[in-house]
Amino acid sequence: MSSRRELIAVEGVTKRYLTSSGSVEALHDVSLSVDEGAFCTLIGPSGCGKSTLLSMLGGLVAPDQGRLLVEGQPVSGPDPRRVATVFQEAGLFPWRTALQNVEFGLELQGVPAERRRRTASELLGPLGLSGFAEKYPRELSGGMKQRVAIGRALALDAKILLMDEPFGALDEQTRVLMGEWLLDIWRRTQKTVIFVTHSLHEALFLSTRVAVMTARPGRIKSAFDLPMDYPRSMESPEMVALRAKLWSEIREESLRAMR
Amino acid sequence: MKVLGLRLALLALLVAAWEIAGRTMNPLLGVPPSAVLPALRDLLLLRSYPDLPASLALTVREIATAYALAVAAGVGCGFMLGMHRLVGRVWGPMLAALYAVPAVVWYPSLMLFFGLDAASKIAFGFLLGFFPVALAVLAGIRQVNPQLVVVARAYGAGTVTVFRRVMLPAMMFTLVGGLRTGLALCVIGVIVGEILGSKAGMGALINHAYGLLRTGDYVALVLVTLILVVGSDVLASTVERRARRWTE
């Protein structure tokens, strides 16, 4: 983490949604800076606009005010060459095999069939899916599906990986293992990851930077760096203290969100 | 192989039962297969109905025209109603209500509008074939998981790519089912139209033979028409398989 080059900048972003009961402010004046190579976690109560912020970084939603920059350039739409997204529900195409799902992004970019097949096949090994290339999503377990979805994102070889609660639908054990596996992938590929989660454990175990969001309208309540080495022990006094601090902040916001 | 053998055995059994039943009945009403075969031979050798090829060609042309119109209109309407929420909500119930009306009630007015020639048969075939196609497109669009559309957009897909890579494959099963049902109903519509009132086509021949109590000829004509129906369904299932391959 020697380089401190800013890769992503969110500057004063505000977003309102129109619903049947009127206009709702999802995000209010959100600013955030993420360095290249960081693993930045967004954590906060349900409905605080974490996913909206991620959709904006992915170019799927435009802000009402403020701007989002990637490598100094404003985000104006999906840019799969620089930003790859993993969604909460794997979102695999059921009529495509695991391999074909991993190839999807490359296919849209017009990469020749043979080359994209090779790229996708090489990814399946580290994804732990070697024997499953020809399986369809319905034949895969929840964890495997999510790994295929991560493979589909990694195949783009984009600098930035946006992950919207990628392990939210998995059971606790699988979730912990997937976290360890993701750390390994992240450290090997040197991606910059923005990771949305509800889980304190995931935030502390994985991130180099944590941003806590407030209840709606979402703002950044606090953001801090986690300089500890990996793999992390959740029992170290430093970690226990951090966990208590993070929990008190999230608890406060979650209570507000429930009201 | 075993299934095929059992099917043939069943067929033989049915034909035998038909033979026995046919022989005990009034020959004007019941025709055993042994009497149908000579009639079928006379029909195919163009002895009993020399205009069989022309009638067959006319019926096929009517079906093809009716089906082409039904698919074009059904797919067009289906997408228009399915893609625009407001239009869909305004027109949807009307479409479903019209579909529920037994289409044959429209036939007299179709004959008044389009006359006794091919046009009224095409119109009736169209009317029957249109609804399953339009409703299948509507149902298909509703089946597309919006999450997959978001995924495709995030991966750089534009409107055309989303349509081709996400919507069409997601809809394919329902869509092809509707297209197949539509064809079957077009065939029924045209033939029923011909039987109810026409001067030419397979339905007219059937009507003629039946009206003159030439029961053997009548059954032979029905058999030929049956081949037409089965043939169209075989064609449809071939197209179905191709379409499935194309989406992969």
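Visitor: How much area do chain A and chain B bury between them?
Guide: First off, keep in mind that this is a predicted model. The size of an interface is often given as the accessible area lost when the parts come together. Of the area buried here, 67% is on carbon and sulfur atoms. The total between chain A and chain B is about 1700 Å².

Visitor: Which residues in chain A lose the most area to chain B?
Guide: The interface has 20 residues of chain A in contact with 17 residues of chain B. Three residues of chain A together make up 37% of what that side buries. They are Leu60(A), Trp95(A) and Leu108(A).

Visitor: What salt bridge is counted between chain A and chain B?
Guide: The count between these chains is one. To qualify, a side-chain nitrogen of Lys or Arg has to lie within 4 Å of a carboxyl oxygen of Asp or Glu. With 2.4 Å from N to O, the pair that meets this is Arg165(B) and Glu107(A).

Visitor: Which helix gives the most to the side of chain A that touches chain B?
Guide: Two helices of chain A each supply at least two residues to that side: H2 (98-108) and H4 (142-154). One of them gives four residues, the most, and that's H2(A).

Visitor: What about chain B itself: how many helices does it have?
Guide: Going from the N terminus, the elements of chain B run α-α-α-α-α-α-α-α-α-α. Chain B has zero strands. Its helix count is ten.

Visitor: Back to chain A. In which order do the strands of the four-stranded sheet come?
Guide: This is an open sheet, and the pairing is antiparallel. At its edges are S2 (22-35) and S5 (73-74) of chain A, each of which pairs on one side only. Reading across, the order is S2-S1-S4-S5.

Visitor: Which residue in S2(A) is the bridge partner of Val10(A)?
Guide: S1 of chain A covers residues 6-19, and ten bridges join it to S2(A), the two running antiparallel. Look across from Val10(A) into S2(A), and the partner you land on is Leu32(A).

Visitor: Which helix packs on that sheet?
Guide: The helix you want touches S1, S2 and S4 (65-70) of chain A. Its direction makes about 120 degrees with that of S1(A). Spanning residues 50-57 of chain A, this is H1.

Visitor: Why do S6 and S10 of chain A each have one side without a neighbour in the sheet?
Guide: They belong to an open sheet of six strands with mixed pairing, in the order S6-S7-S8-S3-S9-S10. S6 (83-86) and S10 (220-225) of chain A stand at the edges, so one side of each has no neighbour. What each of them has is a single partner strand.

Visitor: In which sense do S6(A) and S7(A) pair?
Guide: Four bridges link S6(A) with S7 (residues 160-164) of chain A. Within that pairing, Ala84(A) stands opposite Leu161(A). The sense is parallel.

Technical notes. Residues are numbered from 1 along each chain as its sequence is written. Chains are lettered from A and ligands numbered from 1 in the order in which they are written. This is a predicted model: local features need pLDDT of at least 70, side-chain atom pairs count only at pLDDT 80 or more; totals for chains, interfaces and linings use all residues. Side-chain values use heavy atoms; hydrogens and water are left out. Two strands pair if DSSP finds at least two bridges between them. Contact means heavy atoms within 4.5 Å. Axes are lines fitted to C-alpha atoms, for helices over the stretch in contact, and angles run from 0 to 180 degrees between N-to-C directions. Buried area is the accessible area (1.4 Å probe) that two parts lose on being put together, summed over both.
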